[in-house]
Amino acid sequence: MTDIGIFNELSEYIAIRINSCREESHDGDWIEHKAHNDYDLWFVQAGTVRIQIGGIEHTANPGDVVFFYPQVPYMAASPGEGCRFIYVHFDYGIGGQQRILGDFPLSGIVAHERIREEAELFRGTFIRSTQPGGVPGSRLYLKAGLTAVMARIIELHGLGRYTGAFVSGRNPRKSEGSLDVLQPIFKYVHDHLHRSMKMSELAALAGISEKYFISYFKKALGITPGQYIYQVKMNRARDYLYEKKHTVQQIAGYLGYPDPFTFSKAFKKYYNVPPSKFV
């Protein structure tokens with residue numbers, strides 16, 4: 001599983017909250033010096049936006065999507081006739097970790113040809129949400145549109161087709177609780193679902209004391225190691241059942257459960273139906 005794969009494994013834990021969203025127009029003498037408290041996306045609708053971060057200048061054109069990380073100072077300006085863009089301030093987290101994206105180099109300008117469909121979808125949901133009187137479900141559409149944009153940016157990075165230039169040459173979030181330390185654990189869990197795993201062996205893989213391991217894991221990923229393992233097992237159980245080639249007993253063995261009853265109980269707790277009635 002690649003680094004970016006945790007967004008697939010833990011998609012059910014992902015939470016997105018839109019804090020504000022509106023359209024702004026600026027004339028040619030506009031200059032802004034700022035750092036945001038949350039994640040920020042700009043959907044450039046017209047004009048050119050020049051953004052300077054860390055002494056490096058970047059240019060966004062109509063159709064491009066600009067992605068800012070929290071607490072990163074920048075200067076923005078629009079030469080010529082000015083610019084117009086839709087901005088959205090939002091939170092994006094897995095479990096209790098609200099800065100999970102900081103572990104990945106995603107902040108930058110996504111070219112319009114790579115994100116055209118998703119950006120147009122978001123623009124449409126924004127227009128729907130700003131109609132007088134409010135349209136039922138419009139905020140849900142807006143959140144769905146933002147989710148699609150973020151999924152596309154993550155997908156592009158996972159495919160090696162995009163790396164954010166705003167963090168180029170600099171490390172992403174490197175603090176206590178960085179996901180880098182946990183990469184061996186993600187791979188180990190993925191490769192050893194057929195057997196029980198002790199916290200002591202996982203801690204040893206990360207080079208962390210067993211006493212500190214659970215708190216470190218939760219700080220980095222927003223959930224406990226036990227929740228992570230359970231989620232991955234339920235993802236695999238679902239995949240095996242979709243294939244319709246494996247018995248419940250076989251799947252229980254693949255996922256390290258001692259018997260079909262224990263597996264079925266765990267599966268029903270998660271999906272609210274027993275595996276025999278899932279598909």
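Just after helix α6, G222 takes a positive phi of about 90 degrees. The model is predicted: local features need pLDDT of at least 70, side-chain atom pairs count only at pLDDT 80 or more, and totals for chains, interfaces and linings use all residues. Residues are numbered from 1 along each chain as its sequence is written, and side-chain values use heavy atoms, with hydrogens and water left out. Helices (H or I, at least four residues) and strands (E, at least two) are DSSP runs, numbered from the N terminus.

**Helix α6**

- Helix α6 comprises 12 residues, 210-221. From first C-alpha to last it reaches 17 Å, close to the 16 Å expected at 1.5 Å a residue, where the expected span is 1.5 Å times one less than the number of residues.
- F213, Y216, F217, A220 and L221 of α6 are buried; buried means under 20% relative accessible area, exposed over 50%, and partly exposed in between (1.4 Å probe, protein chains only).
- An α-helix has 3.6 residues a turn, so residues three or four places apart point the same way.
- The packing partners of the buried α6 residues are α1 (6-9), β8 (83-94), α4 (183-191), α5 (199-206) and α7 (225-243); contact means heavy atoms within 4.5 Å.

**Salt bridges**

- The whole structure contains 8 salt bridges, each defined as a side-chain nitrogen of Lys or Arg within 4 Å of a carboxyl oxygen of Asp or Glu.
- E9 and R236 form a salt bridge through their side chains (2.3 Å, N to O). This pair links distant parts of the chain, with E9 in helix α1 and R236 in helix α7, 227 residues apart. Both E9 and R236 are buried.
- E155 and R152 also meet in a side-chain salt bridge (2.6 Å, N to O). Both belong to helix α3 (residues 138-158) and are 3 residues apart, about one turn of the helix. E155 is partly exposed at 39% relative accessible area, whereas R152 is buried at 14%.
- In helix α4, D191 and K187 are 4 residues apart, about one turn of the helix. Their side chains form a salt bridge (2.7 Å, N to O). D191 is partly exposed at 36% relative accessibility, while K187 is exposed at 51%.
- A network of salt bridges links E12, R238 and D239.

**Open sheet**

- An open sheet is formed by 4 strands in the order β2-β7-β4-β5, with antiparallel pairing; two strands pair if DSSP finds at least two bridges between them.
- At the edges are β2 (31-34) and β5 (56-60), each of which pairs on one side only.
- Strand β4 (residues 49-53) pairs with strand β7 (residues 74-77) in the antiparallel sense over 3 bridges. Within this pairing, I51 stands opposite A76 in β7.

**Loop residue D27**

- D27 is found in the loop between β1 (14-26) and β2 and is partly exposed, with a relative accessible area of 46%.
- Not counting residues up to four places away in sequence, D27 touches S78, E81 and G82.
- D27 and K268 are 241 residues apart in sequence and 58 Å apart in space, C-alpha to C-alpha.
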